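Happy to walk through this one with you. Let's take it as a few questions and answers.

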Amino acid sequence: MPLERSMMTLSKEHVQRLWRMADAVCFDVDSTVIKDEGLDDLANYCGVGPQVEAMTLKAMGGGMTFREALTQRLNIVRPSRQTVENFNIDHPSTFSPRIKELIDLLRLKNKQVYLVTGGFRSIITPVANALDIPQEHLFANTLLFNEDGSYAGFDTTALTSESGGKARVVQHIKDKYNVKTVVFVGDGATDMEACPPADAFIGYGGNVIRAKVKENSPWFVTDFQELIDELSNETNIQKS
Ligand SMILES: [Mg+2]
């Protein structure tokens, strides 16, 4: 796979250098910025967790596209607008340790910060707000509702609604926001697949360690403190 070959050609030191010099950083959300997995948690909340989990496994084993898998899983949950609102109140997201500190430091160093997720805008927006990340820096899927608030599907024009969506978002960011070096941070295989066009990928295993990601990430961290320390190193280098 070109992706894995390109990942493997970068040394850990190279990834660390790209991290220090990045113009923009894209973070996955579920199991990266937050400890939660939005759709799984919403399914559990709606009492259909096992059914959705079974569909997820079927999708992973059956070569389903991202969009097909999302369609099938949402057809089981069929969340209404009211359900999502209640879920957000009853199940606020839990931030991964030191993510707020890390994002503040990135902004202090004039790096653009984006959230790029296959999850849903209506669930992730409170997360983005708490991190002072504007809506236009949040790339997510959008749930659609009928006039009576019942479930009506999801926006299939969103870049993140199809397989390879995160890579498309990174290319879009490079084109639209005129950024040169983009680093993607995430826990999952779809995050790793955003590199390229991302210039580097950093695997994060602070919430869940996925073997494929750990094996293929030249720089794999389990604590955001490691990323904070590396940025602080840059300050030291520049001062000396
Ligand atoms: Mg994730």
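Helices (H or I, at least four residues) and strands (E, at least two) are DSSP runs, numbered from the N terminus. This is a predicted model, where local features need pLDDT of at least 70, side-chain atom pairs count only at pLDDT 80 or more, and totals for chains, interfaces and linings use all residues. Residues are numbered from 1 along each chain as its sequence is written, and side-chain values use heavy atoms, with hydrogens and water left out.

Q: In which loop does Pro197 lie?
A: A cis peptide bond joins Pro196 and Pro197, with omega about 10 degrees. Another cis peptide bond, with omega about -10 degrees, joins Cys195 and Pro196. Pro197 lies in the loop between α10 and β7.

Q: Is Asp132 buried or exposed?
A: Asp132 is not a glycine, yet has a positive phi of about 55 degrees. This residue is found in the loop between α8 (121-130) and β3 (138-141). Buried means under 20% relative accessible area, exposed over 50%, and partly exposed in between (1.4 Å probe, protein chains only). With a relative accessible area of 60%, Asp132 is exposed.

Q: Is Asn178 buried or exposed?
A: Asn178 also shows a positive phi of about 55 degrees although it is not a glycine. Asn178 lies in the loop between α9 (165-177) and β6 (182-186). Its relative accessibility is 71%, so Asn178 counts as exposed.
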